[in-house]
Amino acid sequence: PARDAGLRRLAGGAPPAAAIPPRRQAPAMSQHQMWTRRAVLAAAGPGLGAFYRPVGARHHQGYGHHHAHGLMGDRGEESDAGDGPSGGLIRLVEDHRWIASLNRITTNPEETTRIGIQGRTPLHIACDHGAPPALVKAILRAWPEGAERVGTNLMNPLHIACSITNASVEVVQILLEGCRDPRRVTSAKDLDGDTPLHAACRCGATKEVLVALLQANPRVIAARDYEGLNPLFRLWVRYFVSVGERRINAIRTADDVTDVLVEAWTKSLLLLRSLHFVETRRRRLWPSSPPAAPRLPGLADDAAAGFPGGAPGRPFLAVHAAALVDCPRAVVRMAAALRPRDLLERDGDGDMPVHVAARAPVHRGHDLRVRGDSAKGEDADVDEDLAVRLRRDEVRAARRRPHGEPSVLDVLLGAEPRAAAERDGTGRYPLHSAAASGKRLDEGVGALLTAYPEAVSVPDGRTALYPFMLAASAGGERGGDASTIYRLLRASPGVCHMALDAPPPPLAPCGVPKRKRSRIER
C-alpha cells in the first residue's frame with residue numbers, strides 16, 4: 001500500500017484513505033509501569049540524555065500519557081517493541097536500541113536472566129556492544145548475579161567490558177560496584193587463563209580502567225594465565241608486537257622512550273607499583289603491617305611518598321621494584337634508562353638495585369616477541385599490521401632463533417657497572433649474595449665477576465666463606481652448579497692457598513669421646 005500511495009502521489013492523484021497503513025502505536029502502560037520506567041530513567045543519570053529525543057508532532061508536556069513521547073535509540077528505531085521474539089531484550093540490545101531496552105527492562109525485568117547464543121546474557125551483550133553505562137546499570141540492578149555469569153568461553157561481563165575497543169571506565173566501575181563480590185569477579189579466569197586485568201592489558205585499555213581494576217582487587221596483579229604470564233607481561237606482549245623487538249631492546253637513554261613507549265611506561269609504572277606492593281606484602285619484607293589495599297593516585301607525580309608500592313613511609317623506587325619482582329626485562333631496561341640516579345640510590349635498608357636483584361629469586365625469562373597463535377581481541381588486529389610492516393623472513397627468523405633473555409643483573413650492570421663494587425646494608429658484595437642464592441654464571445654471576453673481579457678473593461663478612469664456597473653450599477635445587485663453582489675458583493686460585501693456610505678448627509671439648517675414623521679417613 002505504501003508503494004501504491006507513492007506512485008499515485010507522483011502521478012498527481014490523491015491516495016485513498018484505505019491505502020495508507022495506520023501508524024503503529026506503543027502498547028498502553030499501566031500506572032505502575034509508568035512510574036517504574038520513570039524511576040529507571042532517573043536512576044540512569046544524565047548520561048541517558050544523549051539517547052532521548054521526542055519524535056513527531058505528538059509531543060506534549062508531561063509524562064502521564066503513553067503516547068506523549070516517542071523514544072528512539074541511536075539507530076532511529078521506535079521503542080514500541082512487541083512481545084514477539086524480535087522484541088526480546090537480547091534482540092533489542094544486539095540492535096543497539098538502548099531506550100527500547102530500558103523500557104523492556106522496566107516491563108519485563110525477568111528477561112535480564114535469559115541466556116542466548118554461546119551462553120551470553122543481555123549483560124554480556126551490552127558490554128560487548130558498547131552499551132551506554134545507563135543500560136548496563138539498569139540490567140545489573142535488575143539482576144546483580146549477572147555480573148558473575150560466564151559464557152561458553154568462561155568470560156564474565158567484566159572480561160568483555162575490558163576486551164572491547166575503547167573500554168569504558170564508567171562501565172567497568174558500574175560492574176565492580178554493582179556485583180556481589182568484586183574480588184571474585186576480578187579474579188575469574190577465562191579459557192586462556194586471563195583475568196579481566198589480563199584482558200585489559202592485552203587489548204590496550206586506558207590507565208583509568210587499570211586503576212579501577214587494581215583498586216577493586218590489588219592481588220590480581222600477581223595472577224598468571226595459562227602461559228605463565230602476569231598482567232605486566234601480557235601488557236608487553238602487545239607492545240612487542242606493535243612496537244617491535246628491535247626498538248624495545250635499543251632503549252638505553254630517556255631519549256629512546258618516545259611515542260607509544262611513553263604510554264607503555266605509564267601503564268607499566270602503575271602495574272609495577274601494585275606488583276611490588278603485593279610481592280613485598282606476601283614476603284613480609286615490611287617492618288610493620290602495610291595498609292589493607294594500595295591507594296593508586298594519578299601518575300603525574302609518580303614519586304609520591306607514602307604510596308604503598310614500598311614500605312610505609314618510604315618513597316617508591318622504580319628500579320629497585322623492577323629488580324625484585326617478576327617483570328619483563330624491557331621494564332628493567334626502561335626504568336634504568338629513565339631513572340639512572342636510582343641505580344646507585346640506596347633504599348631504606350641500605351641496598352642498591354643490584355643488591356636487591358642479587359638476593360631476589362631467579363625469574364624465568366619469557367619470549368614476548370611473536371605470539372600470533374595466542375593473540376585474541378585487539379591483538380589479532382595488531383598482528384595483521386605487524387605482518388604488513390615487517391618482512392616475512394624476519395618474523396620467521398625471530399621464531400626460529402633460540403630465546404635468550406639477559407638476566408636482571410646483566411641489565412643493571414650494563415647500565416651502571418660501578419654498582420658491583422658496592423656493599424649492601426649488611427656488608428656483603430653483590431657477588432656474595434648472588435652466589436649464596438644459587439645463581440649461575442648466565443644468571444648474573446658472570447656479569448658481577450666481570451664488573452668487579454676483586455670480590456672473588458674477599459671472604460664474606462657474615463659467613464667467612466669465599467664466593468666459590470657460597471656457591472657450593474647453596475641449598476635447594478639450584479645450588480652447587482659445577483660450572484659456576486669452577487669459574488669462581490679459577491678467577492682467583494689463591495683462595496685455595498688461603499683455605500689451606502687457615503688455622504685448623506678447634507678440637508672437640510673435653511669429655512666427648514673421639515669418633516673412630518674410618519679406613520677411608522685414615
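This is a predicted model: local features need pLDDT of at least 70, side-chain atom pairs count only at pLDDT 80 or more; totals for chains, interfaces and linings use all residues.
Residues are numbered from 1 along each chain as its sequence is written, and side-chain values use heavy atoms, with hydrogens and water left out.

Here are two helix pairs to look at, with axes fitted to C-alpha atoms over the stretch in contact and angles running from 0 to 180 degrees between N-to-C directions.

| Helix pair | Angle | Axes |
|---|---|---|
| H4 and H6 (residues 133–142) | about 15° | 10 Å apart |
| H12 (residues 231–242) and H16 (residues 329–338) | roughly 85° | within 10 Å |

H4 and H6 are therefore roughly parallel. Contact here means heavy atoms within 4.5 Å: Trp 98, Ser 101, Leu 102 and Ile 105 in H4 meet Ala 134, Leu 135, Ala 138, Ile 139 and Ala 142 in H6.

H12 and H16 cross at roughly 85°, which makes H12 roughly perpendicular to H16. On the H12 side, the contact is made by Leu 232, Trp 236 and Phe 240, and on the H16 side by Ala 330, Val 331 and Met 334.

Now for a loop residue: Thr 112 sits between helix H4 (98–107) and helix H5 (122–128). Thr 112 has a relative accessible area of 0%, so this residue is buried (under 20%; exposed is over 50%, partly exposed in between, with a 1.4 Å probe and protein chains only). Its side chain reaches the backbone oxygen of Pro 109 at 2.7 Å. Beyond neighbours within four places in sequence, Thr 112 is in contact with residues including Ile 105, Ile 139 and Ala 142.

Definitions and conventions:
Helices (H or I, at least four residues) and strands (E, at least two) are DSSP runs, numbered from the N terminus. Angles under 35 degrees count as roughly parallel, over 145 as roughly antiparallel, 65 to 115 as roughly perpendicular and the rest as oblique. A polar contact is a pair of N or O atoms within 3.5 Å; within protein, one must be able to donate a hydrogen and the other to accept it, and residues adjacent in sequence count only if both atoms are side-chain atoms.
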